[in-house]
Amino acid sequence: MSRGVPFGAVVGSEWTKLWSLRSSWWCTAVYLLVVGASGWLAAAGTDSSARADIAVQTALSGFGVGQLVLLVLGVLVVTGEFASGMALVSLTVVPRRSRLLVAKTLVVLAYSLLFSALLAVVCALAARTLTAVPGGVRPDDPDVLRTLGLQVAAAGLVGVLGVALGAVLRSTAGAVGIGATLVLVAPPALALAGSRISVLLSQSLPALRVGEDAFLAVATPWPVGMGVVAAWAVGVWVLGAVLLERRDV
């Protein structure tokens, strides 16, 4: 009977679980407040900008810290269930563990993309309203759209990385600590070291991206930076899926 559960029902169940947790509501409130308020403050503190995409990127600076919330949420979606013992019920209903992990990942990805897109629009509106730019900040400007799209995509990948780390470690503290080190602490620390090797190591880590630039880390072309973040998210997720299948519970 459990093998006949439609995948859509599994995804729906995971979505319900997400919004039944108080931690999800707190994460949402913190994410909206930190990123939205930081965007307006950053735009208000920037009187003028030579280009619209730079003005928008400045307003997106709150994502640098705010995306840690997505990392925490992704971790909790996995580790919270194992900590409470509810994982036994879920694995009984959905015995194919990788299938369950895919459902959790899709839910976190949808959450991350949805709220990040909303906040990206809020930040772009702040830049358009508060920062003087020659020609203004037009919603159809390709450079502006690329900056916003990259920010939303980076946020989605951070959420997936959180799920992946939760599946690998099953420890909330451990997964959040390692995730924060990978995306926020180690990249700028290595960049400050200044040596060629430390710079290369900084560029090889999944640094949080704000618009097109790594946040407080060594700048890389955006295709390379996004590729690095995607490789980490997918690679750790595959490892998590393999370990989830092989562990007892």
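This is a predicted model: local features need pLDDT of at least 70, side-chain atom pairs count only at pLDDT 80 or more; totals for chains, interfaces and linings use all residues.

Trainee: How many residues are in the largest nonpolar core, and which have the most contacts inside it?
Mentor: That core has 64 residues, and Y31, L101 and V183 have the most contacts inside it.

Trainee: Which elements give two or more residues to this core?
Mentor: Helix 2 (22-44), helix 3 (52-59), helix 4 (63-84), helix 6 (97-130), helix 7 (142-169), helix 8 (172-193) and helix 10 (222-246).

Trainee: And which helix gives the most?
Mentor: Helix 7, with 15 residues.

Trainee: What lies apart from that core?
Mentor: Another core, of five residues; V10, V94, L100 and A103 are among them.

Trainee: Switching to the backbone: what is phi for R170?
Mentor: R170 has a positive phi of about 60 degrees, though it is not a glycine. I'd point that out because most residues other than glycine have a negative phi.

Trainee: Where is R170?
Mentor: R170 is in the loop between helix 7 and helix 8.

Trainee: What about L216, what's its phi and where is it found?
Mentor: L216 is another non-glycine residue with a positive phi, near 60 degrees. You'll find L216 in the loop between strand 2 (213-214) and helix 10.

Trainee: Is L216 buried or exposed?
Mentor: Exposed, because its relative accessible area is 59% and the cut-off for exposed is over 50%.

Methods
Residues are numbered from 1 along each chain as its sequence is written. Side-chain values use heavy atoms; hydrogens and water are left out. A nonpolar core is a set of buried Ala, Val, Leu, Ile, Met, Phe, Trp, Tyr and Cys residues joined through side-chain atoms within 4.5 Å. Buried means under 20% relative accessible area, exposed over 50%, partly exposed in between (1.4 Å probe, protein chains only). Helices (H or I, at least four residues) and strands (E, at least two) are DSSP runs, numbered from the N terminus.
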